[in-house]
Structures are given as C-alpha cells and as structure tokens.
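Please keep the sequence and the structure at hand while reading.

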Amino acid sequence: MITRNEAWELLKEYNQDPFHLQHGETVEKTMMYFADQLGYGDEREMWGIVGLLHDLDFEKYPEQHCIKEQEIMRERGIDERIIHATASHGYGITVDIKPEHEMEKVLYAVDELTGLIGAVVLVRPSKSVQDLTVKSVKKKFKQKSFAEGCSREVIQNGADMLGWTLEELIQRTIDALKTFQK
C-alpha cells in the first residue's frame, strides 16, 4: 500500500498549482471523514489516499483525465483498488468505470461538491464553512453561472448513487469540511 507521504510526493510530481494541491488535500480529508462516518474506519488511510490522488493527472493531462492517472499509478505499482476508485470519479465524463464501492460513490459526489462549497465560502462575509448552511449552498447550486466548473449533474448523480437526497449530501459534506476548515 502506498503511504500518505508517497502519495503526496506523487501528487506534487504531477501538480504544481497550489489550488490543485489544496483541492487534493481537501478531498483527502473529506474522504477520511466519510470513511469514519460510514463504518470504514479501518480503511480510513486508503480512502484518504484515493481523495488525495483522484486528480493526479488533471493538471498535466486534462484531456486524458482519469485515463493517464491509471497508467501512472500502475507504473508505480499502486493497488488496483486505488486506481479503480480514483478513475471512477470520471464516470460518464472521460471513462466508463462506474463507481461501485461506497468509497467510489462518495468520491464521485464530493469531488465536485467540495469545489462548489469552497466557492460559496469565498463569497460569504465570514469566509468560513463554520456558519455555512445547506440553504446557502443550494441557492448557489441553482445559479448555473456560479462556480460553473462544478458540475451540478455530477453532484446530483453522486447523491443518487449513494441513495441520499441532495440536501443530505450537502449537509454531510459541510459537516466534513467543518472538521478541518475555518
């Protein structure tokens, strides 16, 4: 199993933009939160590594996103479960690898949603997730021009895959972000 430090070094090898590195860490911590909440605490580190590496190829190979990272990870001997999980978050966009395990469904749902929530936080007076409400996120969710790079369709599909309402997914993700963000 790849260690967290090895995963971080690999991410930095393919990503230099501070935004991409921060996004990887945000999704890592969010995934670890969900591992604990959903009864996968014994796999917490793997869930985190999946979150950290999910956009490994995005900065250097945006047209081959979720495709090139599989090749890179296989060359490094990374566990196939991690490869499948990270690639599955591109389901229906760049790959036909459907999220099957609950971990993959969570990654699919929260990747875009953490980006949207991050954008909502930036325009709030408090600049904090601590006082963020589902209502505030849903208001911006409905504005297609706001954080337009965050796919609402993917977020909704992720909620559906998990069997959660959109409101439940948003609240649970806000709760996750509150554990490590201001």
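Which residues does Asn15 touch, not counting residues up to four places away in sequence? In this predicted model, Asn15 touches His20, Leu21, Asp55, Leu56 and Glu59 when residues up to four places away in sequence are not counted.

**The loop residue Asn15**
- Asn15 is found in the loop between helix 1 (4-14) and helix 2 (18-37), and because its relative accessibility is 2%, Asn15 counts as buried.
- Leu56, one of the residues that Asn15 touches, is 41 residues apart from Asn15 in sequence, while the two are 7.2 Å apart in space, C-alpha to C-alpha.
- A polar atom of the Asn15 side chain lies 3.0 Å from the backbone oxygen of Leu56.

**Aromatic rings**
- The count of aromatic pairs comes to three, and Tyr33 and Phe34 form an edge-to-face pair with 5.6 Å centre to centre and 90 degrees between the planes.
- That arrangement counts as edge-to-face because the cut-off for the angle between the planes is over 60 degrees.
- Tyr33, Phe34 and Trp164 are linked into a cluster by ring pairs.
- Tyr33 has 17% relative accessibility and therefore counts as buried, and Phe34, at 0% relative accessibility, also counts as buried.

**Charges over rings**
- Lys140 lies over the face of Phe146, at 4.9 Å from the ring centre.
- Arg152 lies over the face of Phe141, where the value from the ring centre is 5.9 Å.

Key
Residues are numbered from 1 along each chain as its sequence is written. This is a predicted model: local features need pLDDT of at least 70, side-chain atom pairs count only at pLDDT 80 or more; totals for chains, interfaces and linings use all residues. Side-chain values use heavy atoms; hydrogens and water are left out. Rings of Phe, Tyr and Trp (its six-membered ring) pair if their centres lie within 6.5 Å; planes under 30 degrees apart count as stacked, over 60 as edge-to-face and the rest as tilted. Buried means under 20% relative accessible area, exposed over 50%, partly exposed in between (1.4 Å probe, protein chains only). A charge sits over a ring if NZ of Lys or CZ of Arg is within 6 Å of the ring centre and within 35 degrees of the ring normal. Helices (H or I, at least four residues) and strands (E, at least two) are DSSP runs, numbered from the N terminus. Contact means heavy atoms within 4.5 Å. A polar contact is a pair of N or O atoms within 3.5 Å; within protein, one must be able to donate a hydrogen and the other to accept it, and residues adjacent in sequence count only if both atoms are side-chain atoms.
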